[in-house]
Amino acid sequence: APERTLVLVKPDGVRRGLVGEVLRRVEAKGYVLVALEMRTADRDLLGAHYTEHAGKPFFEPLVDFMASGPVVAAVVEGHRVIEGFRSLAGATDPTTAAPGTLRGDLGRDWGERVVQNLVHGSDSPESASREIGLWFPGLS
Ligand code: CMP
């Protein structure tokens, strides 16, 4: 069965009008959107989503940032899509992310307490399944 991942266009990406660009690259790569929603996430959802970062110095700024406006959440499907979307996204730090990637082409370091790096993509099959369950509880 094809793999699924959770993609988020973070509030900085939505504010900057880059939703279409992110989804365009996902679709151009040949991946399929199987669920799509815009919403402002509450802190409970974000705390659960980022549970592995609880206690880290950037955790509170990260939750504040992610709750600061609407995000676009998508479930994306395709062979090896978890690895493939992370390749499209590029490295976490937008200053050093490779050109050609979303973060490398479109992101920069804004000097904020948390890295505002446009997109999120699940990092493993276990994370993908957990995150998809959190954001799209009704999806089969
Ligand atoms: P994401 O892939 O969504 O997962 C955790 C997020 O925390 C990450 O993207 C960045 O936005 C942010 N982040 C990760 N590491 C740091 C760091 N060292 N300092 C600030 N923010 C970070």
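The structure is a predicted model, in which local features need pLDDT of at least 70 and side-chain atom pairs count only at pLDDT 80 or more, while totals for chains, interfaces and linings use all residues. Residue numbers start from 1 along each chain as its sequence is written.

An unreviewed UniProt entry gives the annotation "domain: Nucleoside diphosphate kinase-like" to residues 2-140. UniProt positions follow the numbering used here, feature names are shortened, and annotations may be inferred rather than shown by experiment. The span 2-140 is 40% helix and 19% strand, and its end C-alpha atoms lie 14 Å apart. Helices (H or I, at least four residues) and strands (E, at least two) are DSSP runs, numbered from the N terminus.

Strand β3 pairs with two other strands, where pairing requires that DSSP finds at least two bridges between the strands. β1 and β3 run antiparallel and are joined by 7 bridges, with Leu8 opposite Ala73 in β3. Strand β2 (residues 32-39) also pairs with β3 in the antiparallel sense, over 7 bridges, and Arg39 has Val71 of β3 as its bridge partner. Burial is counted on C-beta atoms placed from the backbone: a residue is buried if 20 or more other C-beta atoms lie within 10 Å of its own, exposed if 12 or fewer, and partly exposed in between. Because 6 of the 8 residues of β3 are buried, β3 is largely enclosed by the rest of the structure.

Helix α5 (residues 81-89) has Val81, Ile82, Phe85, Leu88 and Ala89 buried. These residues are on the same side of α5, because they cover an arc of only 125 degrees around the axis. The arc is that of the directions from the helix axis to the C-beta atoms. An α-helix has 3.6 residues a turn, so residues three or four places apart point the same way. The buried residues of α5 pack against β1 (3-9), α2 (19-28), β3 (71-78), α6 (102-106), β4 and α7 (125-135). Contact here means that the C-beta atoms of two residues, placed from the backbone, lie within 7 Å. After α5 comes Gly90, with a positive phi near 85 degrees.

The ligand is surrounded by His53, Phe58, Leu62, Thr92, Val114, Val115, Asn117 and His120.

His120, listed by the unreviewed UniProt entry under "active site", lies in strand β4 (residues 119-121). With 22 other C-beta atoms within 10 Å, His120 is buried. Not counting residues up to four places away in sequence, His120 touches Val7, Leu8 and Lys10.

The unreviewed entry's "binding site" annotation covers Lys10, Phe58, Arg86, Thr92, Arg103 and Asn117. Lys10 is in the loop between β1 and α1 (11-15) and is buried, with 24 other C-beta atoms within 10 Å. Beyond neighbours within four places in sequence, the contacts of Lys10 are Met66, Val71, Gln116, Leu118, Val119 and His120. Phe58, in the loop between α3 (43-49) and α4 (59-66), is partly exposed, with 14 other C-beta atoms within 10 Å.

Two loop residues stand out by backbone angle. Most residues other than glycine have a negative phi, and most peptide bonds are trans. Arg80, in the loop between β3 and α5, has a positive phi near 60 degrees and is exposed, with 12 other C-beta atoms within 10 Å. Leu118, in the loop between α6 and β4, has a positive phi of about 75 degrees, but is buried, with 26 other C-beta atoms within 10 Å.

Pro94 belongs to the loop between α5 and α6 and counts as buried, with 22 C-beta neighbours inside 10 Å. The C-alpha atoms of Pro94 and Arg108 are separated by 5.0 Å, although the residues are 14 apart along the chain. Not counting residues up to four places away in sequence, Pro94 touches Arg103, Gly107, Arg108, Asp109 and Asn117.

Definitions and conventions. A residue is near a molecule or strand if its C-beta atom, placed from the backbone, lies within 6 Å of it.
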